[in-house]
Structures are given as structure tokens and as C-alpha cells.
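Please consult the sequence and structure shown here alongside the text.

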Amino acid sequence: MKKNGPLLLLALAIVLPAMARHAPRSGYNIVDYGAIGDGITVNTHAIQRAVDSCARNGGGKIIIPSGKFVTGSIRLFSNMEVELQAGATLAGSPANEDYLRQKDFGFDGLGAGSRTGILFARDAENITVDGEGTIDGRGDLFAYPDSLQTGSDFDRKYTRQGAGYGDPAFGHADGPVLWKGEYADRPGVMLIFSACRRVRVADIRLKQSPNWTMAFQECQDIKVRGISIDNDMSIPNSDGIDLYDSKAAVISDCVINSGDDAIALISSENVSVDNCILHSRSSGIRVGYNVFNHHNSGNLLFNNIRIYDTNRGVGIFQRMDGDMSSMIFSNIIIQTRLHTGEWWGHGEPVHISAVPGLGSTTVGRIRNVRFSHVVAVAQTGIVLYASAPALLGDIVFDDFDLSIERGPLSISYGGNIDLRPVNDLSLAIFRHVIPAVFANRVDGLDIRHFRVHWGVDLPGYFVKGIPACVGCTAVKVEDWREN
């Protein structure tokens with residue numbers, strides 16, 4: 001054996017390096033395909049080559065190493081993990097033309113525009129995006145920071161302030177700012193999953209989205225865990241997480257700062273949201289709106305959530321056909337306020353409404369909604385509004401503590417109810433007294449253990465007393481207390 005030892009060592013010295021050269025790779029590192037992380041070079045084609053190579057081999061891990069890699073749209077495929085390692089950033093290209101058209105891949109209408117964003121997948125399964133790195137949409141490159149966006153979805157003559165409503169003299173720090181170029185041509189949603197199954201997004205940081213941050217359309221089996229979203233709060237439509245026509249989703253342990261809804265669920269069912277901190281310029285949690293269809297939604301569970309500095313805490317909206325039912329909101333702390341600019345919402349801690357909108361002449365129902373163990377501080381009251389009987393009912397508030405305070409915009413913006421979007425502009429933003437709870441045509445309202453704390457020096461449009469109900473039926477109030 002001793003005599004053969006040198007020969008064995010020589011053989012191993014020849015064979016082992018050859019084996020190493022042909023061993024399976026631990027992943028597809030984008031640098032090996034020509035990507036340069038200098039923060040300047042546009043790496044779209046190099047990154048796509050790495051992804052395509054991974055797909056040809058049946059899937060695997062795409063590695064984004066430390067560095068700042070500028071890119072346009074990248075399409076992902078089945079059985080694929082994108083790992084953003086510590087110190088890695090995928091940064092959006094500053095050129096609109098580097099973002100592909102949604103319609104070219106069989107879907108459209110996601111976000112405020114017609115393009116895709118940085119990562120997208122269509123009709124794929126088993127996709128994961130995770131790691132300790134960042135996806136940066138560079139939204140500030142696509143907006144004018146010193147301009148204000150204005151719209152035509154309300155008429156000032158119906159507001160308490162008349163022509164003076166929303167005057168920039170009252171401030172404009174909250175935006176919304178105006179984006180550059182054509183509305184439809186801006187970069188799309190940063191992460192889009194369309195008709196996908198078994199999608200996981202975990203731990204990464206997403207920031208400065210120029211559009212919605214993450215969208216799931218017609219997806220099933222979704223898990224989003226431990227991510228942070230940190231958008232420019234003045235950029236409109238920079239939602240956090242949006243689900244359209246999706247099923248079986250779990251969102252947990254997320255921190256979201258977004259210039260629109262933090263979490264929005266439309267025509268989706270069997271969704272659980274837990275242990276999240278939400279900060280937005282519209283609703284912290286939005287259910288409904290139904291821009292694209294008349295589908296049903298429901299079986300939604302929200303628990304252990306902090307919502308702060310938002311235009312609305314929880315908003316549930318029905319504007320087209322399709323019923324919404326079975327929603328539970330529990331263990332939630334909410335803080336809302338009035339904001340400058342034409343954002344939707346007037347500081348309601350809870351808003352539930354069923355009103356025809358977007359050209360629709362009919363509207364579906366909202367039923368079986370439960371709020372329990374909620375503490376809220378707001379500059380206006382709760383709004384429950386239906387345009388006709390039988391549209392809104394079976395709503396329960398149990399153990400709800402509401403403090404109403406005066407804010408710096410209470411005179412210039414307050415004393416109005418905001419039902420946008422609606423067909424009838426007289427219902428968009430209109431003058432109204434503000435009780436702690438206002439209910440219009442609600443069929444079945446159960447309020448238990450409700451406490452109201454009125455602040456000092458409140459404007460005269462506030463009215464104390466038990467819930468103000470107009471055209472309601474089956475209203476039950478038990479243990480209502482206020483100072």
C-alpha cells in the first residue's frame with residue numbers, strides 16, 4: 001500500500017479538479033453572465049441570461065451578490081428562487097423603455113400603467129424571492145417632487161369649505177406629487193405574479209416603488225413573510241401589497257410604508273394577514289374596489305396589526321357587482337389623520353361603503369364584518385354607508401375604543417364624508433356632521449362595549465351621542481360610553 005501511495009495521490013490530483021469543474025453549481029450567479037454591480041450599467045440582458053439558463057436546466061437558484069445592479073424587466077419561470085444576498089440591490093432602470101409591456105405576456109391592468117416592473121412571472125409555479133438584499137424602484141426619478149397631482153373625481157361645491165377646500169395655502173407636504181411623462185408609460189408594479197401557484201416572498205427590503213410595489217393576480221398559495229416596504233409617501237399609487245382574484249394567501253410580519261393602500265385585497269378569498277405594521281396615504285387595509293371585475297371576495301382574517309398616520313385605517317368598498325362577506329379584524333391599533341392634497345380618505349378609522357361607481361349602475365353587498373379589540377385615535381368618525389337598503393349589514397363592533405381629536409387641517413379639510421370613487425359627484429366629498437359612528441341604510445349593526453373620548457376645542461361639525469343612523473334596521477347598542 002505504501003508503494004502505491006504516490007500513484008493514488010497523483011490520480012486524485014488529476015481527477016478531483018475535473019470532478020469539481022463538472023459538479024452541479026450551487027446557483028446561477030448573475031455576475032457569471034456579465035452583470036456588473038456598479039450602479040450605472042444596465043444589466044437587464046445579463047440577468048435574463050442567468051434566469052433563462054436556470055430555466056433550461058429545470059430551475060434552481062438565481063444569485064444576486066453584493067453590489068448595485070441596475071435593470072429593467074426580468075421574467076421569472078417555474079421552480080426558481082431569486083436570492084438577494086446581503087449588500088445586494090436590484091435597482092430599477094431610469095429609462096421607461098427598459099420595462100416591458102404587460103399585454104405582451106397575457107395580462108394587463110395591474111398598477112397605474114401598462115408596463116411591468118423589475119421582476120414578473122406569468123403562469124408559473126414554485127417561485128421564491130428572498131434574502132437580505134433590496135429591490136429599489138427609484139421612484140423619485142419618475143416624479144416631480146415640487147408639483148401636486150390634481151383630479152376630477154369630486155366637486156368642491158359640495159364640500160364644507162366650498163371653493164377653498166384643499167387650497168395649497170393650507171399646506172402641501174403630503175403630496176400627492178405629479179409623475180413624469182404619460183400615466184400609462186411609467187414603470188409598472190415592481191414585482192408581479194400573474195396566474196402563478198406556490199409563490200414565496202420573504203425577508204427582502206423593497207423601496208422607492210414608482211407604482212404598486214407587489215401584486216398577485218389570479219394566484220394561489222401565496223406566502224409573504226418578514227418583508228419591509230419603504231416607499232416615498234408622496235408618490236401616488238405606490239401601494240404596498242395588492243391581491244386581485246387570488247386565493248389562499250398568508251401575509252405576516254411585514255412593515256409597510258406606502259404612498260397609497262398598504263395592503264389591498266380585491267376579489268380575493270381565504271386570506272390571513274397577521275402581525276404587520278402599516279403606514280399609508282390611503283387605507284392601511286383596503287378590501288374591495290373591484291376595478292376589473294364583478295367577482296366575489298371574502299373569508300378574510302386580519303389580526304395583530306398596527307396602522308398609523310393613514311388617511312383611513314380599514315376601508316371596505318363595494319363599487320360594482322359581486323358580494324363581499326366574512327371578514328374579521330381583531331387586535332388592531334389605528335391612528336389616522338386628515339392629509340393635504342387629493343388623497344382618498346378623510347381620516348376615518350373605519351370606512352365601509354357600498355355605492356355604485358366606475359360607471360356601474362348596480363353594486364354588490366357587504367355582509368358579516370366583525371371588529372374586536374380595537375383602539376383608534378382619529379380626526380373624524382367611523383363611516384358606514386350604503387346607497388340602498390340590503391347592501392350593507394351584519395356589522396359588529398365589540399370592544400372598540402375611539403378617541404377623536406382636533407388636527408391642524410380640521411377646519412380646512414374636515415367636516416366632510418368621502419365616498420370616492422362614485423358616479424354621482426355630490427356623493428364624492430360632501431358636507432356632513434361628524435358623529436363617532438355614522439350609519440346610512442345599514443341592515444344589522446351590533447355595537448358592544450364602545451368607548452368614545454372627545455378631544456378639546458373640536459369644531460362645531462362634530463356631534464356627540466350614540467350612533468347616528470339614517471334608514472337603518474336592526475341596530476343594537478350595548479354598553480356605549482363617552483365623555
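Strands (E, at least two residues) and helices (H or I, at least four) are DSSP runs numbered from the N terminus, and two strands pair if DSSP finds at least two bridges between them. The model is predicted: local features need pLDDT of at least 70, side-chain atom pairs count only at pLDDT 80 or more, and totals for chains, interfaces and linings use all residues. Residues are numbered from 1 along each chain as its sequence is written, and side-chain values use heavy atoms, leaving out hydrogens and water.

**Sheet**
- An open sheet with parallel pairing is formed by 12 strands, in the order E5-E8-E13-E16-E19-E22-E24-E26-E28-E30-E34-E36.
- Strands E5 (74–76) and E36 (468–470) are at the edges; each has a single partner strand, so one side of each lacks a neighbour in the sheet.
- From one strand to the next, the twist averages 10° (axes are lines fitted to C-alpha atoms, for helices over the stretch in contact; angles run from 0 to 180 degrees between N-to-C directions).
- Strand E22 (residues 263–266) pairs with strand E24 (residues 283–288) in the parallel sense over 3 bridges, and Leu 265 lies opposite Val 287 in E24.

**Nonpolar cores**
- A nonpolar core is a set of buried Ala, Val, Leu, Ile, Met, Phe, Trp, Tyr and Cys residues joined through side-chain atoms within 4.5 Å; buried means under 20% relative accessible area, exposed over 50%, and partly exposed in between (1.4 Å probe, protein chains only).
- The largest nonpolar core holds 118 residues, of which Phe 193, Phe 329 and Phe 397 touch the most other members.
- Apart from that core lies another of 11 residues, among them Leu 110, Val 189, Ala 215 and Ala 264.
- Beyond four places in sequence, the contacts (heavy atoms within 4.5 Å) of Phe 329 include Ile 285, Val 287, Arg 370 and Ser 372.

**His 346**
- His 346 lies in the loop between strand E27 (324–336) and strand E28 (348–354), and is buried at 4% relative accessibility.
- Its side chain makes polar contacts with the side chains of Tyr 165 (2.7 Å) and Asp 418 (3.3 Å).
- A polar contact is a pair of N or O atoms within 3.5 Å; within protein, one must be able to donate a hydrogen and the other to accept it, and residues adjacent in sequence count only if both atoms are side-chain atoms.

**Cysteines**
- With a disulfide defined as a pair of cysteine sulfur atoms within 2.5 Å, the count is 0.
- The sulfur of Cys 219 is 4.9 Å from its closest cysteine sulfur, in Cys 196, too far for a bond; Cys 219 is buried, at 0% relative accessible area.
- The sulfur of Cys 469 is 4.1 Å from its closest cysteine sulfur, in Cys 472, also too far for a bond; Cys 469 is partly exposed, at 33%.
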